[in-house]
Amino acid sequence: MRHDVVALGELLIDFAPQSVDDAGYPTLAANPGGAPGNFLAALAKYGCSTAIFGKVGDDMFGRLLINTLKNAGIETRGVLMDPDQFTTLAFVSLDQSGNRDFSFARKPGADTCLRPEEVDFSLLDSARVFHFGTLSLTDEPAASATRAAIQAAKARGLLISLDPNLRKPLWKREEDAKAAIDWSLRQADIVKISDEEIEWLWGLSPEAGAEKLLEECGVSLVYVTLGPKGCYAATRAQHVTVNSPSGIHVVDTTGAGDIFGGSAMSRFLKLEKAPADLTEADLRGIVRFACTAASLSTQKHGGITSVPAEDEVLSRMEG
């Protein structure tokens, strides 16, 4: 079977606070998560064929995650269950301004234990794009599995897509994170990165950061997300800035960046053009759809389960 996009990376459960008792202890709701899964869920929702490489624990949450991926239309043949490790868990806390902070039960988590020899590279044989993030580079053997998958994808002529998805608590040292992200950016053709990540990496503006990626790292298409403000996107020939829709009642921003990335990729693939051949109108259309989809996703809890229907996105764009 042909897959438009195959991804590799973490699959986990996000525990988000719903309320706090008198002693300060939160009541948490479990949501399926992991950036690659959120990314593929958007692609699958918008008509693309997807598959994922990963590892979960042979436990309740691992089975729930695999079923959730299947229900979202994602091929799970590349997801293994590890009887010796627990499925990775992420605990989200919110400050008074609604900003998120993460704590992880990942010492190790099953996602970090994927070995290179366990990756079924045949899933890449008829794919168009390979997507990854840098959380699979924090620990071995998953880091080696990720590098092997990138090499296999490049050998097959696939486009390489990257979302750095910086999570500082998962790195032993910040310099390790910067080195891994720098290496990853130089492997990629298409990059979705946030303005905060660009500031952290280089102290640059979104526009200057995008130019650095295009000119120094060899990236062909860059999306710099600007939080609730929208996105700046650029190729070597075109650039656009698109605002997010207004009047959105935000409930949970978890996964919104991943859903932006998957939504943008779905629109890019439908054009059947190389990044260098995108017109300004093409680029604006891609980013406008992705900004709208990501914004609408924040009206629901979770990532994989919050991707809005295509009709809802198009209706909001026309309104």
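**Reading burial, salt bridges and strands**

User: What is the relative accessible area of Asp58, and which class does that put Asp58 in?

Analyst: Asp58 has a relative accessible area of 43%, so it counts as partly exposed (buried is under 20%, exposed over 50%, partly exposed in between; 1.4 Å probe, protein chains only). This is a predicted model, where local features need pLDDT of at least 70 and side-chain atom pairs pLDDT 80 or more, while totals for chains, interfaces and linings use all residues. Residues are numbered from 1 along each chain as its sequence is written, and side-chain values use heavy atoms, leaving out hydrogens and water.

User: Which residue forms a salt bridge with Asp58?

Analyst: Side chains of opposite charge can pair when their charged atoms come close. Here the partner is Arg63, with the closest N and O atoms 3.0 Å apart (the cut-off: a Lys or Arg side-chain nitrogen within 4 Å of an Asp or Glu carboxyl oxygen). Arg63 is partly exposed too, at 41%.

User: And are Asp111 and Arg106 buried or exposed?

Analyst: Buried: Asp111 sits at 6% and Arg106 at 10%. Their side chains meet in a salt bridge at 2.7 Å, N to O. The count for the model is 21 salt bridges.

User: How many residues of strand β11 are buried?

Analyst: 5 of the 5, residues 221-225, so β11 is largely enclosed by the rest of the structure (strands are DSSP E runs of at least two residues, helices H or I runs of at least four, numbered from the N terminus). Pairing takes at least two DSSP bridges: β11 runs parallel to β10 over 5 bridges and antiparallel to β12 over 4. Val191 stands opposite Val222 in β11, and Val224 faces Tyr232 in β12.
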